[in-house]
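Me: I'd like to learn to read a structure feature by feature. Can we start at the ligand and work outward?

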Amino acid sequence: MSRVDHEPFIRLEGVKKVFNVAGKEFLAVQDVTFDVQEGELVSIVGPSGCGKSTILSILSELHPATAGTVQIGNEMSPFTPGKDVGMVFQKALLLKWRSILDNILLPAEILGLPLKESRERARDLLEMVGLGKFGDAFPQQLSGGMQQRASIARALVHDPRLILMDEPFGALDALTRERMNLELLRIWQESKKTILFVTHGIQEAVFLGSQVAVMSAGPARMAAHFDIELPEPRTLDVKTTEKFGEYTREIYHLLGMD
Ligand code: ADP
Ligand code: MG
């Protein structure tokens, strides 16, 4: 684990989450600790139901943590969850009666940002995600991968500091998913955002992340933490390297899958 001296952008320490279900306590997250530096792309990987989405919901302040510390930003640059977070989910969740451009504008409208500037930004983002010609199209005219690109542009429109992605490519076919992985790396490099990328795909986690937080089966605890030292910028060739194989093998092993 390499740790930079200055304060991290995000610090989770001993985070625990208990849900109350029909009067009974349910432990969803037991003990999660990790740091994220601003501008990093961090993968969180773990089996289904281990508490990954719960961690994202704590970070977006949808749910409070039951115990532990959650710190995002600092006094010098305070963090406002509503404004500073963009979310991408497994489903693109585009409104079918709105054009792609108007879908992308939605967070800006909700936050009451100036519409003219936001429209310009939305057009730039459409270009960035490779949908420059599709602003006037409607969601049902786009493929699954294209819809997911639109939802990434929507997550960026209000210029948030943090993007939370919850298994965003889980519903795509394998080839589209690989293509979207490359696209995401490009978008990350261009936008310089901090991204937390949740997946249960071990290879995807290693390929994308500058670090990978591995969660054990629920209730989530940190199983391990890797700084991924693979050549940058990452290309598909990386997946054939010995080092990539070592990281993925070790994570499979940690999750008891070998
Ligand atoms: P993952 O995203 O890793 O698949 P989740 O974070 O969605 O896992 O869920 C972790 C556990 O917490 C699951 O057992 C789930 O049923 C439970 N859980 C998640 N959200 C709630 C909630 N709002 N109320 C009660 N239980 C929940
Ligand atoms: Mg989930």
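Me: By class, how many nonpolar, polar and charged residues does the shell around ligand 1 have?

Reply: A caution before the count: this is a predicted model. The shell has six nonpolar, five polar and one charged residues. Its members include Phe 19, Val 21, Phe 26 and Ala 28. Also among them are Gly 49, Gly 51, Lys 52 and Ser 53.

Me: How much of ligand 1 does the protein bury?

Reply: Start from the ligand alone, which exposes 560 Å². The protein buries 64% of that.

Me: Which elements give two or more residues to the shell?

Reply: They are β1 (10-21), β2 (24-36) and α1 (52-59). The most comes from α1, with three residues.

Me: Leu 164 belongs to β6. Why is strand β6 described as largely enclosed?

Reply: Check each residue of the strand. In β6 (residues 162-166), five of the five are buried, so the rest of the structure largely encloses this strand.

Me: Which way do the residues of β6 point?

Reply: In a regular strand, side chains alternate between the two faces of the sheet. Here Leu 162, Leu 164 and Asp 166 point one way. Ile 163 and Met 165 point the other way, and all are buried.

Me: How many bridges join β6 to β5, and how many to β7?

Reply: Strand β5 (residues 85-88) is joined to β6 by four bridges, and the two run parallel. Val 88 stands opposite Met 165 in that pairing. Five bridges join β6 to β7 (residues 194-199), also running parallel. There, Ile 163 has Ile 195 as its bridge partner.

Me: Now the backbone angles. Which residues have a positive phi although they are not glycine?

Reply: Most residues other than glycine have a negative phi, and most peptide bonds are trans. Ala 22 has a positive phi of about 45 degrees. So does Glu 167, again at about 45 degrees.

Me: Where do Ala 22 and Glu 167 lie, and is each buried or exposed?

Reply: Ala 22 sits in the loop between β1 and β2. At 82% relative accessibility, Ala 22 is exposed. Glu 167 lies in the loop between β6 and α6 (174-191). With a relative accessible area of 15%, Glu 167 is buried.

Me: Which residues does a cis peptide bond join?

Reply: Read omega. The cis bond joins Glu 232 and Pro 233, with omega about -10 degrees. Pro 233 is in the loop between β9 (220-227) and α8 (242-254).

Notes: Residues are numbered from 1 along each chain as its sequence is written. Chains are lettered from A and ligands numbered from 1 in the order in which they are written. This is a predicted model: local features need pLDDT of at least 70, side-chain atom pairs count only at pLDDT 80 or more; totals for chains, interfaces and linings use all residues. Side-chain values use heavy atoms; hydrogens and water are left out. A residue is near a molecule or strand if one of its heavy atoms lies within 4 Å of it. Accessible areas come from the Shrake-Rupley method with a 1.4 Å probe; for residues, only the protein chains shown count as cover. Ala, Val, Leu, Ile, Met, Phe, Trp, Tyr, Cys and Pro count as nonpolar, Asp, Glu, Lys and Arg as charged, and the others, Gly among them, as polar. Buried means under 20% relative accessible area, exposed over 50%, partly exposed in between (1.4 Å probe, protein chains only). Two strands pair if DSSP finds at least two bridges between them.
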